[in-house]
Amino acid sequence: MTQQTHKPLGFWACWSLTVGSMIGSGIFLLPTTLAPYGLLSLGGWIIAGLGTLTLGLIFGRLATRTRRTGGPYVYAQESFGDFIGFLMAWNYWISFWMGVPVVAIAFVGYLGVFVPALNGNPVAQALTALGMIWIFTLINIRGLKEMSAVQIAMTFLKIVPLLAIIGLAAAVGTPANLPEFNPSNAPILPALAAVTIIALWPFTCFEIVTLPAGAIDNPERTIPRALVSGMITVTIIYLAAALAVMLLVPAATLAQSTAPFADAARAFGPWGAPFIAAGAIIATAGTINGLVFTTGQMPMAVAIDKLAPTWLAATNKGGSPHFALILSS
């Protein structure tokens, strides 16, 4: 099985895969989780961002050394052989079997704001989640161009509500709402370690952009540029958005909130909370699209090397590994 000669994915498609796969439900929930740590939590965001960016630089460097599809699988296989490479790919693939439905369930939770009939109805919630998985599976099966177009659009749309909250905080936020630096008076280093571990969650999935190297135009240059610039973008947005929520929501309210960004958006008026809920729906939908894309690319990469059934490497005229996507979903 040879790598495809057509390269439909350019810089913006790769950038949107990085940003769109990272920005999901995590940023919309963590301000409440981190609220008990006060302003110290901002240190966790910074350390998590810098640490993840370091990993991103490593992946970017590795991406300059190969044009093969597979990302982490290829790096492990070329360094340690077929057996370790296969284990890497297998476990990575399994993790996305769990990750896709988890994000789909989060999508349904936000959708309940606009479709109240979903709330308290597990059958309807499950069917809706499954429906979203298959909608994005069909988009991915259609072709790489269609997948990238959807990903680019959703990435820019999901950034809008976060930028709106940041702008709102700059306009009407007040330092009086800011929490204490270390409300629990816990030792600084252990507390900082705790908040960094929590803050790492929304920084995951950046490596997805390295998987489709065989379909990327000039991958040795495009992947590192898209990866690093995307991760810097996400780190800045996360840090600014977390601070914005602190400026807009009193510390005591934030610590009890189940929807911190919706509470922050109340300063917009009656439409603020639905606006943020819509943003969260788009954010989780874009993440589903990126994760589903990954569930097709990883088995295809292994099958290309004949370490999995070769039919998993079959692609349609749109360059999509349709059998691998159907099996995964």
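Tutor: Helices here are DSSP runs of H or I with at least four residues, while strands are runs of E with at least two, each numbered from the N terminus. The model is a predicted one, in which local features need pLDDT of at least 70 and side-chain atom pairs count only at pLDDT 80 or more, while totals for chains, interfaces and linings use all residues. Residues are numbered from 1 along each chain as its sequence is written, and side-chain values use heavy atoms, with hydrogens and water left out.

Both Y92 and F96 are buried. Buried means under 20% relative accessible area, exposed means over 50%, and partly exposed is in between (1.4 Å probe, protein chains only).

We now turn to the rings. The structure holds 20 aromatic pairs. One of them is formed by Y92 and F96, which are tilted, at 4.8 Å centre to centre and with 50 degrees between the planes. The rings of W93 and W97 have centres 5.1 Å apart and planes at 70 degrees, so this pair is edge-to-face. For these terms, rings of Phe, Tyr and Trp (its six-membered ring) pair if their centres lie within 6.5 Å, and planes under 30 degrees apart count as stacked, over 60 as edge-to-face and the rest as tilted.

W93 and W97 also both lie in helix α5, 4 residues apart, about one turn of the helix. W93 counts as buried because its relative accessibility is 10%. W97, with a relative accessible area of 38%, is therefore partly exposed.

Helix α5 also takes part in a pocket. The largest pocket contains about 430 Å³ of space. Among its 23 lining residues, those closest to the centre are S21, V103, W201, T204 and C205. Two or more residues of this lining come from each of α1 (11–22), α3 (40–63), α5 and α12. Helix α5 supplies the largest share, 6 residues. Sorted by class, the lining of the largest pocket has 13 nonpolar, 9 polar and 1 charged residues.

A pocket is an open set of points on a 1 Å grid over the protein atoms alone, where a 1.4 Å probe fits and protein lies on both sides within 12 Å along at least five of seven lines; lining residues have an atom within 4 Å of a point. Its volume is the space filled by probe spheres set on the points, which are joined across faces, edges and corners. As for the classes, Ala, Val, Leu, Ile, Met, Phe, Trp, Tyr, Cys and Pro count as nonpolar, Asp, Glu, Lys and Arg as charged, and the others, Gly among them, as polar.

The second largest pocket has a volume of about 190 Å³. Of the 14 residues that line this second pocket, Y110, A259, A262, I276 and A277 are the closest to its centre. Here the elements giving two or more residues are α2 (26–34), α11 (260–264) and α12. Helix α12 gives the most, with 5 residues. This second lining divides into 13 nonpolar residues, 1 polar and no charged.
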